[in-house]
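Please read it with the model open.

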Amino acid sequence: MAEESKSSLDALSALCKRRGFIYHSSEIYGGMPGFWDYGPLGCELKANVKQAWWQFTVRGREDVAGLDATIIMHPKIWKASGHLDTFADPMTMCKDCKKLMRADQVKDIYADQKKKPQPKVAGSDFFCPYCGGELTEPKPFNLMFKTVVGPIDDPSNVAYLRPETAQAIFAQFLNVTATSRMAVPYGIAQMGKSFRNEVTPRNYTFRSREFEQMELEFFIRPDEAVELQYGHVVTLADNPDLNGPVQDDWGWEVWHKYWVEQRKKFLNAVGLPTEKFVEYWQKPDELAHYARACVDIEYDFPFGRQELEGIAARSDFDLSQHQLHSKVPQTVFDDPLKQACKKLTDDDKAAFIAKTQAEWLDWKQKAASAKAGKEVVFSDEEKADIAAKAKVFCENLFDGKYVPHVIEPSAGVDRLMLALLCEAYEEQKLTDEKGKEDIRTVLHFNPKVAPVKVAIFPLIKKDEAQYKLARDIFTKLQKKVNCQWDVSGAIGRRYRRQDEAGTPWCITVDEQSTKDGTFTVRERDSMEQRRMSYGEFLAMMYEALEF
Ligand code: GAP
């Protein structure tokens, strides 16, 4: 009989430390807030999460290519992307205790305090959540870490640690397009470290200062190009089949929803059940000015429902910004589009331009109104500017040229690992036939991400034949997956050690094994044991690990 209980982040973090998943960085010197190290089990889990993402996003598809760019890049990249000017959090400081914090997190920090201070200035509702002191006016604080390239510490040599992996993808868009011989719609994926000087890193690894991202920039045709080429644009109202093969006549809306569904499929495949996360569709006034839509996939962490990852439709903003700042055209040439446009008459083209101008004006005015919270009507000058840009855009389309739009599914490795750990963690109260109670701590990882796939034990270590056979099985399996060898203690204790590590299968070699080569396989979640041959075990394991 098992009574199940999910435990808090404290119990999980204690297990993570004890079993070597996660440690404080630089712990012997007191640690560094917002920096975490992954121990022997943690680094295996991380490698598996990244490998699963890469398999699902890159290798398992024909329309995505990979990239591994540097962390430090030309500083102009961050000017073009907007990070230098706008990648900031509002920061405030307590005038009394001098603690720094994000102004928008003051209320949350206060809610977390066991001893809640009263405001020192009576009636104030913006006071220090630690001591009740007066807080300074919030000031924007840029989250990028600065460094200096080369031996001379001069402002002209300042560079930044990347705050996201995405920008390198845009900066290398032309190279990858040329060398991968892929054509839009197609994507470029990258995984790697990102750095943000978070004002208040919180909630274990959830908001760290050094973390990893897994990002895909999936480039698509602008809807206007789709319309010119196919005579229509498939929208969500057409009820497209998002589980079938992708289609060339999809508009941005369908691509965006397609990638939301893909991300959900991936999260399911690595062990997060659908009912455990929700889609939060950002409201028009929350969207960045260039974004058409943005969905956060949120997960119920022990500290509340929080963003796990995001999927944004970013229009052509990023490539256009790099085109503007680098002066290198970021357009692609789409011959089928050019051929389709050759069939248009001058009247067709004029009508198309007029329609596009009206649509752009409508979209931009609506976006501006949503941001302002009231109806915005552009001036004649602004309208003329939009109309002129729309005309140039259409004329380029008629020549088969455009700057691709992009859908960006962006995930954090560490955040997903934390969600997987929270989801997997369970303390089971077991009662044996004699009524004796015991707690079994188990990590129910999906085998695809489990740090250790198989543990191998001889039942009786002093039995030479059992020991040798078990050792042979271990050596063979070790060449295929991450295995552990354990001969210490009673078999029950060995199982429990593996339960805490989240190992899905334990192989025990016993007397019968030495006669017929079969062994028992104990399954972690059901705790059931089945006798199998080596071949049967391999087939079962490979099926569970396959994407
Ligand atoms: N290129 C888009 C981008 O970077 P974001 O929402 O800032 O978007 C994407 O970050 C994902 O990266 C987040 O959903 C989260 O999973 C992860 N992430 C962002 N900041 C993080 C931090 N300080 N610590 C851990 N993960 C973080």
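1. Start with one pair. R19 forms a salt bridge with E500, and their closest N and O atoms are 3.3 Å apart. A salt bridge here is a side-chain nitrogen of Lys or Arg within 4 Å of a carboxyl oxygen of Asp or Glu. Between domain 1 and domain 3 the count is two salt bridges.

2. Some ground rules. This is a predicted model, where local features need pLDDT of at least 70, side-chain atom pairs count only at pLDDT 80 or more, and totals for chains, interfaces and linings use all residues. Residues are numbered from 1 along each chain as its sequence is written, and side-chain values use heavy atoms, with hydrogens and water left out.

3. Now the layout. Domain 1 covers 1-66 + 163-334 + 403-427, domain 2 covers 340-399 and domain 3 covers 452-545. These bounds come from an automatic or database domain assignment. The centres of domain 1 and domain 3, taken over C-alpha atoms, lie 36 Å apart.

4. How many residues of domain 1 are in contact with domain 3? Seven residues of domain 1 are in contact with seven residues of domain 3; contact means heavy atoms within 4.5 Å.

5. Next, the area. The two domains, domain 1 and domain 3, bury about 560 Å² between them, with 41% of it on carbon and sulfur atoms. Buried area is the accessible area (1.4 Å probe) that two parts lose on being put together, summed over both. On the domain 1 side, R19, L41 and E44 supply 62% of the area buried against domain 3, more than any other three residues.
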